[in-house]
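Trainee: I would like to learn how to read a structure of this kind feature by feature, with the general idea given before the particular case. Could we look at it together?

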Amino acid sequence: DLNEYARSLGYNVTFEFITMDAEAQAAIHLQRVQELHDMGINLIIGGRWSSQAQASLEYINENNILLFSPSSTSPLLAIEGDNLFRMCPNDLAQGEAIAEILRSWGIDAIIILQRGDPWADGLYNVLEDEFTARGGTILARVRYAVEVTEFSSYLEHMEEVAQEAVEKYGWEHVAVQCFCFSEIVTLITQAQDYPTLYNLTWFGCDGTAFVQQVIDDAPEQADKLKLLFG
């Protein structure tokens, strides 16, 4: 109990907790931050997704609000002197690790499939530098809107890129790198309709790690594609 802990330290302060739901939307997160500020609240634990933190960043800086995020990791938000305090490391290390994993598996060329948000953009920026520095090639960057649930147009484009890449590099040297959240279940399920993609090795990230829905709804597809680092 935070209040009991404060009393044990001799602090004459009491914390009152008010909870609001951002409904997994960056724009709604900003609205909630504004509502809390209008109530006189200037200490907020939120911005759990980097997209939510980014959407509120200008407002919290302008209004002297402290926003503590337990899980935002985008390198794009590693900004000195702002009012966003993040409780875990950013993704610079993860991007380097993924590049090393890809090359250790003999992957020479990748198709990147990513959410269109600051978290995935930050990971892409790091991986682009790290993978190419190790001699790898990025064949395509497929960036989808976060609200999308039907991915056939994206997968069709990836299939065309993959077909050319396999002819050039060989099956074992081409892979798909995913920067996704739980929508990975829909993606790997729909990927069955695209034979070249469905016979490549897919690599995940922290956003695909420990997603129970993968095990529940797409275990065969995940086993087929590997979804490594996830």
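Trainee: Is Asp108 buried, exposed or partly exposed?

Mentor: Begin with the scale: buried means under 20% relative accessible area, exposed means over 50%, and partly exposed lies in between, computed with a 1.4 Å probe on protein chains only. At 25% relative accessibility, Asp108 counts as partly exposed. Before going on, keep in mind that this is a predicted model, in which local features need pLDDT of at least 70 and side-chain atom pairs count only at pLDDT 80 or more, whereas totals for chains, interfaces and linings use all residues. Residues are numbered from 1 along each chain as its sequence is written, and side-chain values use heavy atoms, with hydrogens and water left out.

Trainee: With which residue does the side chain of Asp108 meet in a salt bridge?

Mentor: A salt bridge is here a side-chain nitrogen of Lys or Arg within 4 Å of a carboxyl oxygen of Asp or Glu. The partner of Asp108 is Arg103, at 2.7 Å from N to O, and Arg103 is likewise partly exposed, at 25% relative accessibility. By this rule the count comes to ten salt bridges.

Trainee: What does the chain look like as a whole?

Mentor: Helices (H or I, at least four residues) and strands (E, at least two) are DSSP runs, numbered from the N terminus. On that basis the chain has nine helices and seven strands, and its C-alpha atoms fill a box of roughly 70 × 35 × 30 Å along the principal axes. Of its 230 residues, 45% count as buried. With a contact defined as heavy atoms within 4.5 Å, 65% of the contacts between residues at least 6 apart in sequence join residues at least 24 apart.

Trainee: Which residues of α4 are buried?

Mentor: In α4, the buried residues are Gln94, Gly95, Ile98, Ala99 and Leu102. Seen down the axis of α4, these buried residues fall within an arc of 135° (the arc of the directions from the helix axis to the C-beta atoms), so they line one face of the helix. The face turned away from that buried side carries the exposed residues Ala93 and Ser104, while the buried residues pack against β4, α5, β6 and β7 (201–203).

Trainee: How far apart are the end C-alpha atoms of α5?

Mentor: The expected span of a helix is 1.5 Å times one less than its number of residues. Helix α5 (residues 118–133) has 16 residues and should therefore span 22 Å; its end C-alpha atoms are 23 Å apart, which agrees. Among the buried residues of α5 are Trp119, Leu123, Leu127 and Phe131, and what covers its buried residues includes α3 (50–62), α4 (92–104), β4 (109–115), β5 (137–144) and β6 (174–179). After α5 comes Gly135, whose phi is positive, near 90°.

Trainee: Which residue forms a salt bridge with Arg134?

Mentor: That residue is Glu100, with the closest N and O atoms 2.8 Å apart. Arg134 lies in the loop between α5 and β5 and Glu100 in helix α4, so the pair ties together parts that are 34 residues apart in sequence. Both are partly exposed, Arg134 at 25% relative accessibility and Glu100 at 43%. The two also belong to a network of salt bridges that links Glu96, Glu100, Glu130 and Arg134.

Trainee: How many bridges join β4 to β5?

Mentor: Two strands pair if DSSP finds at least two bridges between them. Seven bridges join β4 to β5, and these strands run parallel; within this pairing, Gln114 has Arg143 as its partner and Arg115 has Tyr144. β4 also pairs with β6 in the parallel sense over six bridges, with Leu113 standing opposite Cys178.

Trainee: How many residues of β4 are buried?

Mentor: Seven of the seven are, so β4 is largely enclosed by the rest of the structure. Both of its faces are covered, with Ala109, Ile111, Leu113 and Arg115 buried on one side and Ile110, Ile112 and Gln114 on the other.

Trainee: What kind of unit do β4, α5 and β5 make?

Mentor: A crossover is right-handed if, with the strands pointing away from the viewer, the path from the first strand over the helix to the second runs clockwise. In this structure, β4, α5 and β5 make a right-handed β-α-β unit.
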